[in-house]
Amino acid sequence: MIIVMHSDATEEEVESVVERLQSFGAEVSVSTEDGRTLVNGSIETLLQNEAPWDSFPGVEMVMPVVRGGRRVGREFKSANTAVVVGNAMIGDGELAVIAGPCAVESRDQLIDTARAVASTGATILRGDAFKPRTSPYTFQGLGKAGLEILAEARDLTGLPFVAEVIDPRDVELVSAYADMLRIGTRNMSNHALLKEVGRQPKPVLLKRGRAATVEEWIDAAEYVHSEGNPNIVLVERGIRGFDSSARNTLDITAVPVAQGITHLPVMVDPSHAAGRKDLVAALARAAVAVGADGVMIDVHPNPETALVDGAQALLPQEFASLMVDLNAIKAVIPE
Ligand code: PEP
Ligand code: MN
């Protein structure tokens, strides 16, 4: 439950609301947003019935918050959050562009791709050292050696990088190398992993579970935040529907819906949504037009030899021409 105080409420008025909430055993936090004091009597939604809160002096409005209120929700912070990733930003109004191969396969493959995307508009490099594969008998990633190659690519190009972490026991290792940790679609509801990335200092890229509602996705972000890490970026990457004509169904609606509920940045991954390179450019353009804070795009110098997700990877020159279109669309859509 959030109690919004009048902009001219006195300290005593705020204090009296806080004391009353505490007398019911609520955990209380006080914050200031847009010049207003917000008193958050969190967790216990039943508190709402315990006193006539809106008759307290200085109170403007009482907002019942379903599920006890979320720190990642707009009810807690109305202004957008911008997340710092190394020397890049996501959510600052500019288009963030994460690009690179699905997985690090070799030094040459990763460094060639990093150089190409750095010179054509990527702001953050992607490439995984740990891959969550459908079959345990396929390529699982290079592990620590892959992280070392990513760090070398960062030194050579200046691009910070994001890499997936799939096991709570690897969080410390990935966090020691990467500028941002990614939680993949299969792990969106892995609370142990969400809490572990919430306890380390690097920002977190949280993909939407392929069968998760927008609310469940935002609840997952709250798990990360609840452990002390507020630097979270959401990624819509397609959900499973009834139609199998593409790998997944890109839920474009989810972008403005999520942006309305949370102050966190929301990006789109058209590559994993499509699963086919011929659809990637169209979905990326739609993502920018709908107001996503950025896109995340698979790029590979030789997609036909890729060990993972070659069918959806753009060639570097295709990525370069897509960037021209995305910048043109970004320039004409309202802020
Ligand atoms: C990926 O980005 O390589 C990936 C595995 O994504 P997702 O978790 O969305 O399938
Ligand atoms: Mn992939």
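Which residues surround ligand 1? In this predicted model, where local features need pLDDT of at least 70, side-chain atom pairs count only at pLDDT 80 or more and totals for chains, interfaces and linings use all residues, side-chain values use heavy atoms, with hydrogens and water left out. Residues are numbered from 1 along each chain as its sequence is written, while chains are lettered from A and ligands numbered from 1 in the order in which they are written.

Ligand 1 is surrounded by Cys102, Arg126, Asp128, Lys131, Glu164, Arg182, Gly184, Thr185, Arg186, Lys207, Arg237 and His272, a residue being counted if one of its heavy atoms lies within 4 Å of the molecule. By class, this shell holds eight charged, three polar and one nonpolar residue, where Asp, Glu, Lys and Arg count as charged, Ala, Val, Leu, Ile, Met, Phe, Trp, Tyr, Cys and Pro as nonpolar, and the others, Gly among them, as polar.

Polar contacts (pairs of N or O atoms within 3.5 Å; within protein, one must be able to donate a hydrogen and the other to accept it, and residues adjacent in sequence count only if both atoms are side-chain atoms) join this ligand to several side chains. Oxygen atoms of ligand 1 lie 2.8 Å from a polar side-chain atom of Lys207, 3.2 Å from one of Arg182 and 3.0 Å from an N or O atom in the side chain of His272. Taken alone, ligand 1 exposes 290 Å², of which the protein buries 97%, as computed by the Shrake-Rupley method with a 1.4 Å probe, where for residues only the protein chains shown count as cover.

Cys102, in the loop between strand E7 (96-100) and helix H2 (107-119), and His272, in helix H8 (residues 270-274), are 170 residues apart and link distant parts of the chain; helices (H or I, at least four residues) and strands (E, at least two) are DSSP runs numbered from the N terminus. Both Cys102 and His272 are buried, that is, under 20% relative accessible area, with exposed meaning over 50% and partly exposed in between (1.4 Å probe, protein chains only).
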